[in-house]
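Subject: Structure handover

Hello,

Here is the structure I promised to pass on. Please load it before you read further.

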Amino acid sequence: MSRKRRVIVFAVILLGLGWLFTPLPAGAARPVQRTIRVEASQFAYQPAVIQVNQGDTVTLEIVSTDVVHGFYVDEYGVSATADPGQTARLTFVADRGGTFRIRCNQPCGPLHPFMLGELRVGPNTGLVRAIGLIAFATLAAVIATPPALISRES
Amino acid sequence: MQIELTRSPAVRRLLKSRWPQLTILTLLLGGFLLAIASGWAGTPVGSANFGIIFVWIAWWALLILLVVPLTGRGWCAICPIPAPGEWLQRRAVLEPTERKPGWPHYRWPKRLRNIWLQNLSFMLLALFSAVILTTPRATAIVLAAMLFLALGLSLIFERRSFCRYLCPVSGFIGLYSQAAPLELRVRDKRLCRSCEDKPCYNGSEKGHGCPWQVFPGGLARNTSCGLCLECLRTCPKDNIVLQTRPFGADLRQPSRKMDEAFKAFLMVGAAVAYTGILLGPWGGLKQAAYRAGSLAWGGYAAAFLAFTWLLIPGFFALAVGAGQRIARNTQPLRPAFTAFTAGLIPLGLAFWAAFSLSFVMANATYVLSALSDPFGWGWNLFGTAGLAWKPLPMGLLPSLQVLILVGGLLWSIRTIQRTGAELKTSSLPVAVFQAGLTCLMLGLLL
């Protein structure tokens with residue numbers, strides 16, 4: 001690889017790393033109390049994606065419309081069980097930003113292991129960073145190995 | 001780095017003995033039969049049934065995260081499915097005997113000597129996967145069908161025709177084994193050419209002829225070598241070696257076969273589709289995939305088939321064509337189209353690893369409870385039956401998945417760059433296509 005090309009690749013890698021650690025706008029909304037009604041039925045939650053802001057105090061009113069369903073949020077570790085016809089309440093402070101999977105933790109039928117929802121706290125910065133990383137990695141790989149170089153190698 | 005593992009006399013002795021392989025295979029056959037029995041007669045609750053948990057979580061995780069990436073066809077070497085048929089076919093469990101079987105051993109039809117049937121059998125399983133993965137009886141039926149199909153075919157056709165041409169698992173293991181850092185090859189090809197009897201292919205009193213219908217002297221890629229090690233046992237000149245090699249060594253000379261190209265599309269497409277269907281929050285999609293035979297399922301099946309057989313290959317063909325245009329290459333599209341699919345091998349492997357980590361980490365605790373109570377009948381054999389479900393710590397999972405996907409993408413770009421240079425065509429559009437597919441996968445995972 002020529003010196004010039006090496007410098008460009010190095011710069012792209014630095015930019016990629018910089019992208020990973022650059023603070024992204026996190027949404028400046030003031031924390032509020034939110035109450036959200038969630039319907040659980042085989043094998044989905046409605047709404048499928050629960051969007052809140054970081055710092056919000058969230059109360060979920062979970063209603064099952066068919067069989068007993070569970071409600072477990074990855075990383076937060078909070079959970080509730082919703083019996084049919086009764087409302088289960090789950091309150092927590094959404095203090096961690098990111099996207100977290102919601103899982104049913106009460107066997108509820110064949111697709112139970114795949115009964116999933118999403119809790120999004122703030123913007124999905126993880127995805128934005130990852131896509132940026134893919135773009136920088138692709139660019140670095142394309143610049144680093146021009147066709148002529150590979151021809152010589154092979 | 002190439003290290004000849006069989007150079008060590010102890011390793012060679014160990015691999016030449018049939019006992020270690022037979023011991024593992026017998027244990028796995030027991031587990032396989034238990035999976036069928038528990039799937040058929042055990043609890044219908046999938047998350048409490050040994051058949052579902054051990055096949056689709058424990059075995060699958062080991063296969064796709066460790067065995068295939070590191071050993072290629074290592075699983076095929078100990079797979080219990082063809083064993084009963086092979087024992088009947090050979091009328092022997094260990095060493096060859098003089099007894100000949102009393103039934104014909106036809107050659108597999110010439111027109112079907114490719115992996116199109118494996119592509120179809122995989123697609124058939126994929127279309128019903130939401131049912132098979134979650135319904136113990138469906139899993140039991142599929143496992144039993146594979147066992148009986150392998151048995152039946154071994155009584156009609158020669159050697160392991162089921163594994164080579166029909167098994168839905170063998171097809172993708174063969175494809176991804178090209179990326180593995182392990183290979184079985186001959187040390188000196190000249191010795192093979194001068195060898196008259198070719199006992200590695202025809203068999204001898206020391207061992208059986210290659211069950212995979214491969215002449216080891218001509219092996220250039222891992223795809224069709226099942227690592228059964230019979231040739232190691234039969235070669236009179238100790239010319240067969242098992243050795244390590246750099247990851248993806250076979251991808252330097254990509255296959256030009258359309259059946260293998262489509263296997264790569266199907267695998268990448270299925271990984272993306274499964275991630276959306278099974279790990280996404282869309283309940284309607286899951287229900288459509290589960291209600292086999294319904295109108296909704298018909299729509300799901302049509303979309304699945306269109307995505308894997310048309311959409312992905314179509315965009316890929318456009319990217320390859322654009323690369324040829326950029327390089328002002330006027331060669332026909334087909335050779336470049338098939339050769340560039342080598343890049344989908346590391347990418348597909350990364351997609352499957354990232355997808356599998358999600359549900360394996362979430363459901364790993366079921367393995368311990370199913371071990372204690374395989375049928376869900378209230379047993380507690382090892383005191384772990386009542387273990388409450390808890391996912392493994394998921395905090396690091398997204399970063400791990402991003403790392404795997406970025407690594408897979410870089411590896412695949414490197415692979416297509418080499419192919420592009422050989423074909424004198426630009427690999428840039430294919431690289432962009434692969435990066436786009438990776439972004440789609442990330443969007444579904446994160």
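This is a predicted model: local features need pLDDT of at least 70, side-chain atom pairs count only at pLDDT 80 or more; totals for chains, interfaces and linings use all residues.

Every value below is computed from it.

**Interface of chain A and chain B**

The two chains bury about 3400 Å² between them. Carbon and sulfur atoms give 68% of that area. Chain A puts 38 residues into the contact, and chain B puts in 43.

How many salt bridges cross the interface of chain A and chain B? The rule finds zero. Polar contacts are there, though: nine residue pairs between chain A and chain B, both partners at pLDDT 80 or more.

**Chain B as a whole**

Chain B has 21 helices and two strands. Its C-alpha trace spans about 70 × 60 × 40 Å along the principal axes. The radius of gyration is 22 Å. A compact globule of 446 residues would have a value near 22 Å, so chain B agrees with that expectation.

Of the 446 residues in chain B, 60% are buried. Take the contacts in chain B with a separation of 6 or more: 81% of them come from residues 24 or more positions apart.

**Salt bridges**

Side chains of opposite charge can pair when their charged atoms come close. Over all chains, the search finds 23 salt bridges. Three of them are described here.

The first entry is in chain A. A:Glu118 forms a salt bridge with A:Arg120, with 2.9 Å between the closest N and O atoms. A:Glu118 has 7% relative accessibility, so it counts as buried. A:Arg120 is at 26% and therefore counts as partly exposed.

Next, chain B. B:Arg7 forms a salt bridge with B:Glu4, and the closest N and O atoms are 3.4 Å apart. Are the two partners buried or exposed? B:Arg7 is exposed, with a relative accessible area of 61%. B:Glu4 is buried, with a relative accessible area of 14%.

The last pair is also in chain B. B:Glu95 forms a salt bridge with B:Arg18, again with the closest N and O atoms 3.4 Å apart. This pair links distant parts of the chain, 77 residues apart. B:Glu95 lies in the loop between helix H5 (83–90) and helix H6 (116–127) of chain B. B:Arg18 lies in the loop between helix H1 (9–16) and helix H2 (19–41) of chain B. At 45% relative accessibility B:Glu95 counts as partly exposed, whereas B:Arg18 counts as buried at 9%. The pair also belongs to a network: salt bridges with shared partners join B:Arg18, B:Glu95, B:Glu230 and B:Arg233.

**Two residues to look at in chain B**

Start with B:Ser177. Where is B:Ser177? B:Ser177 is in the loop between helix H10 (168–176) and strand S1 (182–186) of chain B. Its relative accessibility is 0%, so B:Ser177 counts as buried. The side chain of B:Ser177 reaches the backbone oxygen of B:Gly174 at 2.7 Å. Leaving out residues up to four places away in sequence, B:Ser177 touches B:Gly72, B:Arg73, B:Asn222, B:Thr223 and B:Arg245.

Then B:Ala273. B:Ala273 is found in helix H14 (residues 258–279) of chain B. With a relative accessible area of 14%, B:Ala273 is buried, since the cut-off for buried is under 20%. Which residues is B:Ala273 in contact with, leaving aside neighbours within four places in sequence? They are B:Phe304 and B:Phe307. For a distance across chain B, take B:Ala273 and B:Ala92: their C-alpha atoms are separated by 43 Å, and the two residues are 181 apart along the chain.

Best regards

Methods. Residues are numbered from 1 along each chain as its sequence is written. Chains are lettered from A and ligands numbered from 1 in the order in which they are written. Side-chain values use heavy atoms; hydrogens and water are left out. Contact means heavy atoms within 4.5 Å. Buried area is the accessible area (1.4 Å probe) that two parts lose on being put together, summed over both. A salt bridge is a side-chain nitrogen of Lys or Arg within 4 Å of a carboxyl oxygen of Asp or Glu. A polar contact is a pair of N or O atoms within 3.5 Å; within protein, one must be able to donate a hydrogen and the other to accept it, and residues adjacent in sequence count only if both atoms are side-chain atoms. Helices (H or I, at least four residues) and strands (E, at least two) are DSSP runs, numbered from the N terminus. The radius of gyration is taken over C-alpha atoms; the globule rule is 2.2 Å times the number of residues to the power 0.38. Buried means under 20% relative accessible area, exposed over 50%, partly exposed in between (1.4 Å probe, protein chains only).
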